[in-house]
Each structure stands twice: as C-alpha cells, then as structure tokens.
Amino acid sequence: MSDFTSNFWSVYVAGLTIVSIIACLLLLWITARKKVVSTSDNTTGHVWDEDLTEMNNPMPRWWMWMFVLTIVFSLGYLALYPGLGSFAGKLGWSQQGEYQQEMEKGRAEIEPVYARFASMKPEEMAADTQAMAIGERLFMNNCAQCHGSDARGSKSFPNLTDGDWLYGGSPEKISETLHQGRVGNMPPMAEAVGSAEDVRNLSHYVLSLSGSPHDSLRASLGKAKFGACAACHGTDAKGNQALGAPNLTDDIWLHGWGEEAITAMINKGKVNEMPAQAGKLTDAQLGVLTAYVWSLSNKPGAAAR
Ligand code: HEC
Ligand code: HEC
C-alpha cells in the first residue's frame, strides 16, 4: 500500500471489505426471516429424479451461529491485524517485522558459535571440523553456483583448489578477495600488437611458454611482440597478482587455450568479475569462508585428493 501516493486505494479496499461483511450479515438476516410457502406435507414442491423431494426445514441453529461467529472473527481479525486497506492493525504485526525477528533470533543463536572462531587464526579454523562444516555450507549456498560444488571452477571461473592464484592465496589476500570482490580487466590488445598475423604469431609464443602444443616458427616470430603484454603479465610472463594478471607459463588456463582462445583474448580482451561479498555475508561468515577456501589447497594431503 505504501506504493500509492494518495490513500484513495486504501479507503477503496477498506470500504469494499466492510461492505462485503455487512452484505453477508444482511443476507443471513434476510434468509433467516423469509419463509417459503410450503405445502401441507412440509416440502417445497421441488422433486428430482422422480421421487427426490426437497424438504422445507429451517437451517440448523448451530449452523447459523457458526456463520455469525465467522463474521465476528473477521471483525476481530481486521481490528488486530493488517487487512483493512493500509490500516496496520492494533497489534502492529507485519511480515517485515516477523522476518526481522526471525533473523534476529537466528543471529542470536549462531553468535556463540562464531564467537568461538573470532579468536582463531584462519589456519586454526581450517583444522576445526565445525568451522569447516559451516564453511562448506556457506560455500555451497553462496559460491558453488560460480565456482562449482567441488570448488574446482570451470571456464572463466577459477579453480580454488589448485594452489594457483590470480590475486594471491594467503588468508589475507583471500579475505580481501571475498570482502571487496575483484575485477580482472585485460584491455583489447590487437592494436598494440599489430596485424592479424602478428596476433597469431604472438598467441603461438604464449602457448610455447607453458609447453602447450604450438607452431614453433610462429612462436619465434611472435616473441618480440610480447613486450606489449609484459607490463601486466611480467617480462617472464609469470603474471602479477596485484592486477590479477594470470601466470601464462603454468599451463593453467582460466579462459581456455589453443590459438583460437588466445587470439580472442588478445583481440577482445576480457573483463571478469568476482562479486564483493561484504554486503551479503557478515565479517564472521567471511572469516570462516576465508579459512575454508584456504584449506582447499592447504590441507595436508589435499593435493592427493
Ligand atoms: C557470480 C559468480 C561468482 C560468485 C557467486 C563467487 N565468485 Fe569467486 N570468482 C568469480 C570470478 C569470475 C572470479 C575470477 C575473477 C577474475 O578473473 O579476475 C572469482 C575469483 C575468486 C577468488 C580469487 C581466486 C584467485 O585465483 O585469486 C576467490 C578466492 C573466490 N573467487 C572465492 C569465492 C568465494 C569464497 C565465493 C562465495 C562467497 C565466491 N568466490 C563467489 C565468480 C564468482
Ligand atoms: C592491462 C594489463 C594487461 C595487459 C597489457 C595484457 N593482459 Fe592479458 N590479462 C590481464 C588480466 C587482468 C587477465 C585476467 C582476466 C581475468 O580476470 O580473467 C589476463 C588474461 C590473459 C590471458 C588468459 C589466461 C588464462 O588463464 O586463460 C591470456 C592468454 C592473456 N592475458 C594474454 C595476454 C597477451 C598475449 C597480452 C599482450 C598482447 C596481454 N595479455 C596483455 C591483463 C593484461
């Protein structure tokens, strides 16, 4: 109702409701008074299926009182709860309020659990089964849609279990990633590189860096063009975590590999975003998630799984 700027609709709806209730009462009163003229055998004279006659008995008293009771109930309800236009009701109950109350209750219940983690380092939390169970659930609900339920990612969504990091894998860096989000931005580079042939040659050079299948003649021709890329990916092509520029020598490909994928990267660039979680999850939840993500690549024996 607050969507309306005037209270016309509120009055209209409230009026309709009250008129309907009065109409119910009137109907009850009229039908209770009106007598159907009956024949001497107390039937209405209506006969169906040859011998099914309709008797002319009044409605049972208890039924009438039930009807009256429902009307009284409706008036009581409308006085206490929101129902008459925008009138809030004497109890001040609202869906919004009930939701807030339940959220408060949930927070109060979970607080002592998180309080135990507050004094723990991420490394300690990673060894705590309760913290990791909570972390896994938070991950399933908030992260798995992008990073996969096994956290191994997919094309353009990084694998979080492999120890290879765009922005760094220390608990501090993971926490920063979760709180602020990240935007990886590689601009289109075709112009800086040169002709389409140059771009092809350069992409073979990029493939050669990780020993991926490539044309070595093209790679040697493309090598000189890597200067345009070194500002972000480094002269050794091992990447730059401050920019989220990936290591191009490790044969781990976020956006796919092969001549076609690399030339597309060079020609079109890429903007890839990890949404910030700070407004969505509490600091305590993000602390547990940081430890959970860290544990995925740091548990003893994690690599063997
Ligand atoms: C809407 C999809 C989406 C959701 C939801 C999402 N992420 Fe991400 N995340 C990404 C993308 C895309 C990147 C890579 C950003 C880039 O390429 O610069 C990323 C990057 C990351 C990184 C950095 C990886 C690295 O190599 O440095 C971490 C850590 C991470 N996400 C953890 C999480 C966690 C934990 C959650 C749940 C709270 C989450 N993400 C939710 C899409 C998502
Ligand atoms: C302004 C900085 C910048 C420059 C210059 C730049 N890149 Fe990038 N590059 C990035 C970033 C950031 C990403 C990661 C995008 C993302 O978040 O997914 C990236 C991603 C890539 C990828 C994808 C890697 C993968 O794992 O899938 C390739 C390939 C690549 N760059 C090649 C190049 C080449 C070749 C050049 C030179 C022509 C170049 N880049 C120039 C910043 C840069």
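Hi everyone, let's start at a metal: the six donor atoms around the iron atom of ligand 1 subtend angles of 89 to 179°, which makes the arrangement octahedral. Donors here are N, O and S atoms within 2.8 Å of the metal (3.2 Å for Na, K and Ca), and water is not among the atoms, so sites may look incomplete. Six donors count as octahedral if opposite donors are over 155 degrees apart and all others between 65 and 115. For comparison, ideal angles for six octahedral donors are 90 or 180 degrees.

Before we go on, a word on the model. It is predicted, so local features need pLDDT of at least 70 and side-chain atom pairs pLDDT 80 or more, while totals for chains, interfaces and linings use all residues. Residues are numbered from 1 along each chain as its sequence is written, chains are lettered from A and ligands numbered from 1 in the order in which they are written, and side-chain values use heavy atoms, without hydrogens and water.

Which residues hold the iron atom of ligand 1? They are His147, through NE2, and Met274, through SD, at 2.0 to 2.1 Å. His147 sits in helix 6 and Met274 in strand 4 (residues 270–274), so this pair ties together parts that are 127 residues apart in sequence. Helices (H or I, at least four residues) and strands (E, at least two) are DSSP runs, numbered from the N terminus. Both His147 and Met274 are buried, meaning under 20% relative accessible area, with exposed over 50% and partly exposed in between (1.4 Å probe, protein chains only).

The iron atom of ligand 2 is coordinated by Met186 (SD) and His233 (NE2), at 2.0 to 2.1 Å. This pair links distant parts of the chain, with Met186 in strand 3 (residues 182–186) and His233 in helix 11 (residues 227–233), 47 residues apart. Are these two buried or partly exposed? Met186 is partly exposed, at 21% relative accessible area, whereas His233 has 9% and counts as buried.

Last stop, helix 5. Its buried residues include Ala131, Met132, Ile134 and Leu138. Seen down the axis of helix 5, the buried residues fall within an arc of 160°, so they line one face; the arc is that of the directions from the helix axis to the C-beta atoms. On the other side, Thr129, Arg137 and Asn141 are exposed. The buried residues of helix 5 pack against helix 3 (95–118), helix 4 (122–125), helix 6 (144–147) and helix 13 (283–298), where contact means heavy atoms within 4.5 Å. Helix 6, remember, is where we met His147.

Notes:
Four donors count as tetrahedral if all angles lie between 85 and 135 degrees; four count as square planar and six as octahedral if opposite donors are over 155 degrees apart and all others between 65 and 115; anything else is irregular.
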